[in-house]
Amino acid sequence: MIYEPSVLAVVVFFGFVGVTLGLSFWLGGKAKSSAGYFAAHGQIPWFVNGVAFAGDYLSAASFLGICGMIAFYGYDGFLYSIGYLAGWIVALFIVAEPMKRLGKFTFADALNTRFDSPGIQVVAGISTLVVSIFYLIPQMVGAGALVTPLLGFDHWVGVVIVGATVILIVVTAGMVSTTWVQFLKGSLLVFFSAVLTIMLLYRGFTVDDGGKDGHTFRTWGPFEQSQLIDNATLNENGTWTIIEQSPAWKETDFLQIKNDATGAITAWHRVEKDDGLYLVEAQSITETVDGRTLINGLPKGKGEGEAVLHPVGYLSELPEGEKSTEDVGPLEFFSTLQKSKVILWPKQIVRDGDEVTTVYYQKETDGSQVLRPGEHPRFKGIRSENLIDKLNFLSLMLALFCGTASLPHILIRYYTVKDEVAARKSTIVGIASIGFFYVLSLYIGLGAMTSGALDVTNSNMAAPLLARSIAEWLFAAISAIAFTTVLGTVSGLILASAGAVTHDLVGRFVKTPLTDSAQVRLAKISSVGVGIIAIVLGIVFEKMNVSYLVGWAFSVAASANLPSLVMLLFWKRTTKEGVIAALMVGMISSLGWILLSEDTFTQVYGLSAQEALVPFSQPGIVTIPLGFLTLILVSLLTQPKTEEQS
């Protein structure tokens, strides 16, 4: 799709950015010391910190990625929400109070309290950097996805805008401004998501045969097989002609048909029904040998003789043959959808020599099917008999469950409150806010599925486009808040990275301890460096769904950080050597697994899935136990000879 910039959205967008930066500059005077810059002097109220937890945690993946996955596949996207939320149980009962009691500025502080080991400090600092950068990628991808329809800029411009804004936030006031930005955006995100959900329920459901641009997707048939041959015309006027199919197209369920009036060659899905064959209109993007992009057989654009993809997402059937409903209640929403039929839009890539065509085709699906788990390729293990598929699903769920309590930018937030009781209370507030939002995300995702406004090429835009289909002001508010969501999460990640560089890495190598002002100055320089890296990676990974990228970050965090943290708290025989070994093995094994997986081979390297060197894509089920086992074995082998702890 080609998005039309919204004047109202642009005004609201820059209003939010202006307020955010103004808040940062105003709070800048409160962060002159390292304690103020990294931990806000431990003076953040517990309720504010709890909502800031939600603001920090409800990232681009939660808002954009999950809603997008639900919109395109159904319930499966909500499984991410369940995994994310369940992870907070670990944070509440295991991590919250010990983190506040043991640490000062960074995750490494907590691990190193007992040992005062340079090795732990350095390795934990590296782990913080790696996890934070992995988590930064989906946030920056989401930022570019938002700015494109909002301002009409290219994706990379949006990434640069976000990166520059976040760097300013972190450099000006550190954790003080970051906390209040996260509190602001967490509050607004939950509130406006509730508003969007209420308006969605009030609108109800409507049967349609096209998206919001008024285009009607056509169906021809029934035909006999003998009628669908090369060079056959499909009506008496000879307007449509089946062109000669190449071997690559003959292997698919699609036919290429030429519109004799325009010369456009379009793709049609061949569907077999009881009374014969039907041709159902599809949409296609073709990358030609000479570098042109064709949309449904015509050059991409909005001028004469050009074409854009049509928005999609609609119901083909409602219960009892109704054409529309009035407003529906929260439970009636699901019962109505369950008895309806919805049109989903899967895709298939056809490689015809050097020409590559991506075909998006209609798939009429029972509503009961989109409300059950296991439809997304990533979650097929739920119902699959294949052991590898089951392991991949269990591995992802394990990473989501264990990863929350291992994310450095979440862990450092425990240092911003005054005591352990406040840490526990803020965690409870965070769980309540996050849980309520995730319930709303299920309504938003399914509402987007039937909104007629979906962009088949960009699942990350489902929620903002749903809002636009209801009201322009709501689109402006949701887009600006989603953008602020990215700002809050990215600023927390960059701050965690800056703390790791300043406090854990450089602080351990310099002979003379850094003064407070030197630490703050170095942290600000580190923030700029990490921000630039995040910008570059956000541009490189543009096409990947942000929820999936976050799953990788959770896997690395859970594999590298959780074993050391848990065993340090609950096993007295843990040694510094065991902690160092577990950190290194967990981090290297999870990173290595991801880099050798099928998804990385196909979506990053551009290679065949068959060339992947590991059996499934999610590493957690292997690398998390490996981290625990490594710590136990190394600790047993390095027990001190005396009873005193080294």
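Reader: What defines a nonpolar patch on the surface, and which residues form one in this predicted model?

Author: Patches are made of residues with over 30% relative accessible area and no salt bridge, and nonpolar side chains are joined within 5 Å. In this predicted model, such a patch on the surface is formed by Leu595, Leu596, Val604, Tyr605, Leu607 and Leu613. Together these residues have about 510 Å² of accessible area.

Reader: Where is Leu596 found, and how does its relative accessibility count?

Author: Leu596 is found in the loop that lies between α20 (576–595) and α21 (598–603). Leu596 counts as partly exposed because its relative accessibility is 34%.

Reader: In what order do the five strands of the open sheet lie, and what is the sense of their pairing?

Author: Two strands pair if at least two bridges are found between them. Here the order of the open sheet is β1-β5-β4-β3-β2, and the pairing is antiparallel. At the edges are β1 (219–223) and β2 (240–242), each of which pairs on one side only. From one strand to the next, the twist averages 35°.

Reader: How many bridges link strand β4 and strand β5, and which residue is the bridge partner of His269?

Author: Strand β4 (residues 265–273) pairs with strand β5 (residues 276–281) over six bridges, in the antiparallel sense. The bridge partner of His269 is Val280, in β5.

Reader: Are Asp116 and Glu320 buried or exposed?

Author: The cut-off for exposed is over 50% relative accessible area. Asp116 is exposed because its relative accessible area is 53%. Glu320 is likewise exposed, with a relative accessible area of 77%.

Reader: How many salt bridges does the structure hold, and which side chain meets that of Asp290 in one of them?

Author: A salt bridge requires a side-chain nitrogen of Lys or Arg within 4 Å of a carboxyl oxygen of Asp or Glu. The structure holds five. In one of them, Asp290 meets Arg292, with 3.1 Å from N to O. Asp290 is exposed at a relative accessible area of 54%, whereas Arg292 counts as partly exposed at 44%.

Reader: Which parts does the pair of Asp366 and Lys341 tie together?

Author: The side chains of Asp366 and Lys341 meet in a salt bridge at 2.5 Å, N to O. Asp366 lies in strand β13 (residues 363–366) and Lys341 in strand β10 (residues 341–344), so the pair ties together parts that are 25 residues apart in sequence. Asp366 counts as partly exposed at 34% relative accessibility, and Lys341 is partly exposed at 23%.

Reader: With which residue does Arg468 form a salt bridge?

Author: The partner of Arg468 is Glu472, and their closest N and O atoms are 3.4 Å apart. Arg468 counts as partly exposed at 22% relative accessibility, and Glu472 is partly exposed with a relative accessible area of 33%.

Terms used:
Residues are numbered from 1 along each chain as its sequence is written. This is a predicted model: local features need pLDDT of at least 70, side-chain atom pairs count only at pLDDT 80 or more; totals for chains, interfaces and linings use all residues. Side-chain values use heavy atoms; hydrogens and water are left out. Patches are made of residues with over 30% relative accessible area and no salt bridge: like charges are joined within 9 Å, nonpolar side chains (Val, Leu, Ile, Met, Phe, Trp, Tyr) within 5 Å. Accessible areas come from the Shrake-Rupley method with a 1.4 Å probe; for residues, only the protein chains shown count as cover. Helices (H or I, at least four residues) and strands (E, at least two) are DSSP runs, numbered from the N terminus. Buried means under 20% relative accessible area, exposed over 50%, partly exposed in between (1.4 Å probe, protein chains only). Axes are lines fitted to C-alpha atoms, for helices over the stretch in contact, and angles run from 0 to 180 degrees between N-to-C directions.
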